[in-house]
Amino acid sequence: MPVNEKKPLILLIVGGGIAAYKSLELIRLLRGAEFEVRVVLTKAGAQFVTPLSLASLAGNKVYEDLFSLTDETEMGHIELSRQADLLVIAPATADFLAKAAQGLANDLASTLLLASDKSVLAAPAMNWRMWLHPATQRNFERLRSDGMLFIGPNHGAMACGEFGPGRMAEPEEIFAAINAVLHGQKRLAKDLAGRESLAGKKVVVTAGPTFEPIDPVRYIANRSSGKQGYAIAAAARDAGAKVVLVSGPVALPPLAGVELVRVETARDMAAAVEAALPCDVFIAAAAVADWRVDSDFDQKIKKNGDSPPALKLVENPDILATVARRSKNRPSLVVGFAAETEKLLEHARKKLARKGCDMIVANDISPEKGVMGGDQNTLVLISAQGEVAWPKLGKDEAARRLVEHIGELVSKIGGG
Ligand SMILES: Cc1cc2nc3c(=O)[nH]c(=O)nc-3n(C[C@H](O)[C@H](O)[C@H](O)COP(=O)(O)O)c2cc1C
């Protein structure tokens, strides 16, 4: 940074959630990039991180009390919010979002927020039930329409041992978002503002495995967790689309604001997709079983000392190709996934041609990559326009980028 240039000043509000420890890393990243950081710690926040750790990393005192005579004489609360270039709330608790949505000003953090005319970037962090609660969703929508910017929350493992949406964005993601807002990176800033690249569009997403019965109690399945498909459905919803999620059996909670159709077999999934048409975009992220057992065992097959039963496999309907090759009601954009354990790009390119879809998202699911069931993915987008390879990303971030890419393609197709 040139000698006389003023360092950008971030006013970081640290709320009372487990994820407060990640704010220490955020401060480290900001300081490393020559930002000045002033920290405001809520009373609850101080239960999770100490003012000493925050002050040491920020290289500045930490502000905690609205009625501190010393702080008010040194720097009044109005001045504290005015001097900042950007206000960042990380973690933004359910409580803090509720207060902000109501315009309450009953502690230093909420008063600063109300007294500020600067952009505000919030990184929500809470248990998934708290996040999906209608009250929190209402507050989130209200704040978004008031102009508050949001990064996350991500879908993932929570401190409480549960899994779902509500996990705070990683410090690196918040750091990137701060830079996007301050340096006017229009595309990301637009996303953070929740402006909706798929507004008015209908998106159908498939996710998870299918279970193919052998008899009434046994089935053939695969290791798909559904996490990537659910993350895509959530990202499409956040981009303003009406989303139908056709899901095989998974251990994930339903997504707020997304119509969920639960299915078990590939044939059920094909029928549910058919019923959800017409749509603008179809994203086939499910790991649909290629074969099912050609059986009509309506009772459990018994082990009776004879040789094991011979299972004959027959092909399942090809959902992706069927949708891509429709002559009537074909979605404007049909996106398939190619999960491969070898020759990733070669197989994916062939799949694009074979299925007749517009884009294939190739992902390497060889066991050492830990993609199936894991939280990260390395994707390559293959279409007639070329190939785009992304580095290893969290499945939420991969979904966000994919939806952003799809939004751009749809606007070109639609001339919008
Ligand atoms: C152990 C523990 C962990 C908590 N984690 C969170 C959390 O991750 N997100 C959240 O919204 N609230 C969480 N809470 C509740 C908040 O701390 C509580 O709502 C508090 O009033 C928030 O205050 P603040 O928004 O002023 O920081 C947690 C509470 C406890 C006791």
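1. The shell around the ligand comprises 8 nonpolar, 6 polar and 1 charged residues. The model under discussion is a predicted one, and the remarks that follow should be read accordingly.

2. Which residues come nearest to the ligand? Of the 15 residues around the ligand, these are Gly15, Gly16, Gly17, Ala44 and Thr93. As for secondary structure, helix H5, spanning residues 94–102, gives the most to the shell around the ligand, with 3 residues.

3. The protein chain has 416 residues, and 45% of them count as buried. Its secondary structure consists of 15 helices and 22 strands.

4. The domain assignment of the protein chain gives two entries: domain 1, covering 9–192, and domain 2, covering 202–413. A distance of 36 Å separates the C-alpha centres of domain 1 and domain 2.

5. How many residues of domain 1 are in contact with domain 2? There are 10 residues of domain 1 in contact with 12 residues of domain 2. On the side of domain 1 that touches domain 2, at least two residues each are supplied by helix H7 (128–132), strand S7 (154–157) and strand S8 (163–167). Strand S7 gives the most to this side, with 3 residues. By residue class, the side of domain 1 that touches domain 2 divides into 3 nonpolar, 5 polar and 2 charged.

6. The largest nonpolar core contains 63 residues. Within this core, the residues with the most contacts are Val203, Val205, Ile232, Ala233, Ala236 and Val335. Helix H11, residues 227–238, gives the most to the core, with 7 residues.

7. Leaving aside residues up to four places away in sequence, Ala236 touches Leu198, Val203, Val205, Ala241, Val243 and Val403. Two of these partners, Val203 and Val205, are themselves listed with Ala236 among the residues with the most contacts inside the largest nonpolar core.

Note on methods. Residues numbered from 1 in each chain as written. Predicted model: local features only at pLDDT ≥ 70, side-chain atom pairs only at ≥ 80, totals over all residues. Domains from an automatic or database assignment. Contact = placed C-beta atoms within 7 Å. Helix = DSSP H or I, 4+ residues; strand = E, 2+ residues; numbered from the N terminus. Nonpolar A, V, L, I, M, F, W, Y, C, P; charged D, E, K, R; others polar. Core = buried A, V, L, I, M, F, W, Y, C linked by C-beta atoms within 7 Å. Buried ≥ 20, exposed ≤ 12 C-beta atoms within 10 Å, placed from the backbone. Near = placed C-beta within 6 Å.
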